[in-house]
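Please consult the sequence and structure while reading.

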Amino acid sequence: MTRRRARALRLALIANPHASRFSGRRRDRVVAALAAAHKLELLQTGHPGQATELAADAVAGGAEVVAVLGGDGTVNEVVNGLRGSAAALGLLGGGRVNVVARGLGLPADPDRAAARLLELLAAGTRRRLSLGVAGDRCFALNAGLGLGGAIVREVERRQRAKQLYGDRAYVAAGLKALLVDYDRDHPHLTVHLPDGRLVRGFFALIGNGDPFTYLGRRPFRPTPGAAWDGGLDLLVGQTMATGSLARALTGMLSPNPRAGYPRMPLLHDLERFSLSSDIPLPFQLDGEYVGDRTSVTFGCLRSTLNVVAARRRA
């Protein structure tokens, strides 16, 4: 009996030539593999933010799947371009960390990721994910106001060090932010919850999925209960004591992280909340510094994004 061939789909491939692991040869191999089975259009970014425009235009032009060859920052831009559409997101790696792809059990290597994408497309496999919303911008992975934003801001100021030293650049930036730059004496942040409760703290980490990020091969899990198809998890740092932070960080990098630590409450599966600060604090979305903020309102769009990935096991 002859096996029926899967229908060729209209694919748009958005490639970021500035991604950490991008190369023209890899791009060409991925293009060849996908174009052999589907109707493919290659779109290459030329400046930050353009992937959002390219994704929205691709969907308007009839693309059924928008695949990303780039890092989590490019994925974030594409997700914002897909918001509200029926098109599915395909993940092909190509960045330094590729947290979203790895968190969904997909390969980070572009060649292997392309092969896996073709398998999942042939099987018609999709998974619906929730998206976090911060102001008017969506995020697939995480956000941070305060210390996390300060670390990302410091790394982005030192792009050469990031390219040369990878994760060690984040460790160095974290130590500088913690020991030199950050106000460790005054908790400027306030969390406003829907029931009227206020939670004071020094910083906030918001997870839409688990893990939050990776340090090398080791997952960093401050919000281990965050589910890609659930609400948002919020960890509030109410201490800047070096010993307390060191113990919490050790736990978050362990194989069995806890749901919260002393003076670091963890709120699970939130639909909405807001953060405010009496001074501007650095803010990051999906690993990208997006400016200093005195207030951010968060929401959750449940089961809104189609992703070409295996379904979650019960």
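Predicted model: local features only at pLDDT ≥ 70, side-chain atom pairs only at ≥ 80, totals over all residues.

**Helix packing, burial and backbone features**

Q: How many residues of each class make up the contact of α2 with α3?
A: Here Ala, Val and Leu count as nonpolar, Glu as charged, and Gly as polar. Sorted in this way, the contact of α2 with α3 has six nonpolar, five polar and one charged residues.

Q: Are α2 and α3 parallel, perpendicular or oblique to each other?
A: The axes of helix α2 (residues 50-60) and helix α3 (residues 72-82) come within 7 Å and cross at roughly 40°. The crossing in which α2 passes α3 is right-handed. Angles under 35 degrees count as roughly parallel, and 65 to 115 as roughly perpendicular. The two helices α2 and α3 are therefore oblique.

Q: How are α1 and α5 oriented to each other?
A: Helix α1 (residues 24-35) packs with helix α5 (residues 110-123) at an angle of about 15°, and their axes are 9 Å apart. α1 passes α5 in a right-handed crossing. An angle under 35 degrees counts as roughly parallel. The orientation of α1 and α5 is therefore roughly parallel.

Q: Into which classes do the residues of the contact of α1 with α5 divide?
A: α1 contributes Arg26, Arg29, Val30, Ala33 and Leu34, which meet Pro110, Asp111, Ala114, Leu117 and Leu118 in α5. By class, these residues of α1 and α5 divide into seven nonpolar, no polar and three charged.

Q: Why is α6 described as largely enclosed by the rest of the structure?
A: Helix α6 covers residues 147-157. Its buried residues are Leu147, Gly148, Gly149, Ala150, Val152, Arg153, Glu154 and Val155. α6 is largely enclosed because the buried ones number eight of its eleven residues.

Q: How does the radius of gyration of the protein compare with the globule rule?
A: The secondary structure of the protein comprises nine helices and 16 strands. For 314 residues the globule rule gives 20 Å, so the protein is as compact as a globular protein of that length, with a radius of gyration close to that value, at 20 Å.

Q: Which peptide bond is cis, with omega near 10°?
A: The proline concerned, proline 211, lies in the loop between β10 (203-207) and β11 (213-215). The cis bond runs from aspartate 210 to proline 211.

Q: Is aspartate 286 buried or exposed?
A: Aspartate 286 sits in the loop between β15 (272-285) and β16 (288-307). Although it is not a glycine, aspartate 286 has a positive phi of about 50°. Its relative accessible area is 5%, and aspartate 286 is buried.

Q: What is the relative accessible area of serine 303?
A: Serine 303 is found in strand β16. It is not a glycine, yet serine 303 has a positive phi of about 45°. Serine 303 is partly exposed, and its relative accessible area is 34%.

Terms used
Residues numbered from 1 in each chain as written. Heavy atoms only, no water. Axes fitted to C-alpha atoms, helices over the stretch in contact; angles between N-to-C directions. Helix = DSSP H or I, 4+ residues; strand = E, 2+ residues; numbered from the N terminus. Parallel < 35°, antiparallel > 145°, perpendicular 65-115°, else oblique. Left-handed = near helix turned anticlockwise from the far one by under 90°. Rg over C-alpha atoms; globule rule 2.2 N^0.38 Å. Buried < 20%, exposed > 50% of the residue type's maximum accessible area, 1.4 Å probe, protein only. Contact = heavy atoms within 4.5 Å.
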